[in-house]
Amino acid sequence: MDQMIGSWAFIIGVLIAILGGIFAPMLAEQAAWITLVLVILGLIVGFLNIGDKEIPGFLMAAIALMLVGSADLEIIDKVIAPVGTYLASIVTNIVAFVAPAALIVALLEVYKLASTPKGTTAK
């Protein structure tokens, strides 16, 4: 059941991030609420979806997504007018969704590593 909730949280989070980015000008008054929903969904994904085997890959992908979020994507507007603005808005929403999940996963991993006696392997 937890896996199903986590899977739906992921799908809904990605859809909200994309649609919220595309319709950002029309949803400007709801931007804070959209971000709050993305953060909550990200926390759910972080707690329910990422198992021990997925931790390194997930954290690497999260870092990559957050780095893309720091890029100046709006420069694309100089070539194709609204595309850069939409991309920047979508990526900002995706970062708002992924960052809380990465925080939870990273904290859980740090806890596991810190609570494991020296010389043994964390499980």
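Modeller: Asp52 counts as partly exposed, at 46% relative accessibility. Buried means under 20% relative accessible area, exposed means over 50%, and partly exposed lies in between (1.4 Å probe, protein chains only).

Some ground rules come next. This is a predicted model, with local features needing pLDDT of at least 70 and side-chain atom pairs counting only at pLDDT 80 or more, while totals for chains, interfaces and linings use all residues. Residues are numbered from 1 along each chain as its sequence is written, and side-chain values use heavy atoms, leaving out hydrogens and water.

Back to Asp52. Its partner is Lys112: the two form a salt bridge, with the closest N and O atoms 2.2 Å apart. The rule asks for a side-chain nitrogen of Lys or Arg within 4 Å of a carboxyl oxygen of Asp or Glu. By this rule the count is one salt bridge. The pair joins distant parts of the chain. Asp52 sits in the loop between α2 and α3, Lys112 sits in helix α4, and 60 residues separate them. Helices are DSSP runs (H or I, at least four residues; strands are E, at least two), numbered from the N terminus. Lys112 is partly exposed too, with a relative accessible area of 24%.

Now look at the core. The largest nonpolar core has 15 residues, and Leu38, Val45, Phe58 and Phe97 touch the most other members. Such a core is a set of buried Ala, Val, Leu, Ile, Met, Phe, Trp, Tyr and Cys residues joined through side-chain atoms within 4.5 Å. α4 gives the most, with six. Phe58 is in contact (heavy atoms within 4.5 Å) with Ile50, Ala101, Ala102 and Val105, leaving aside neighbours within four places in sequence.

Helix α4 also holds Ser89. Ser89 is buried, because its relative accessible area is 17%. Beyond residues up to four places away, Ser89 touches Gly20, Gly21 and Ala24.

Helix α1 comes next. Gln3 lies there. Gln3 is partly exposed, at 48% relative accessible area. Gln3 is in contact with Leu48 and Asn49, again leaving aside neighbours within four places.

Among the patch members are Trp8, Phe10, Ile12, Phe23 and Tyr86, and the patch has about 1100 Å² of accessible area together. Patch residues have over 30% relative accessible area and no salt bridge; like charges are joined within 9 Å, nonpolar side chains (Val, Leu, Ile, Met, Phe, Trp, Tyr) within 5 Å. Areas come from the Shrake-Rupley method with a 1.4 Å probe. Ile12, in helix α1, is partly exposed at 37%.

The loop between α1 and α2 holds Glu29. Glu29 is exposed, at 75% relative accessibility.

Last, confidence. pLDDT is the predictor's confidence in each residue, from 0 to 100. The chain's mean pLDDT is 89, and 97% of its residues reach 70 or more. Among the elements, α1 has the lowest mean (91) and α2 the highest (95).
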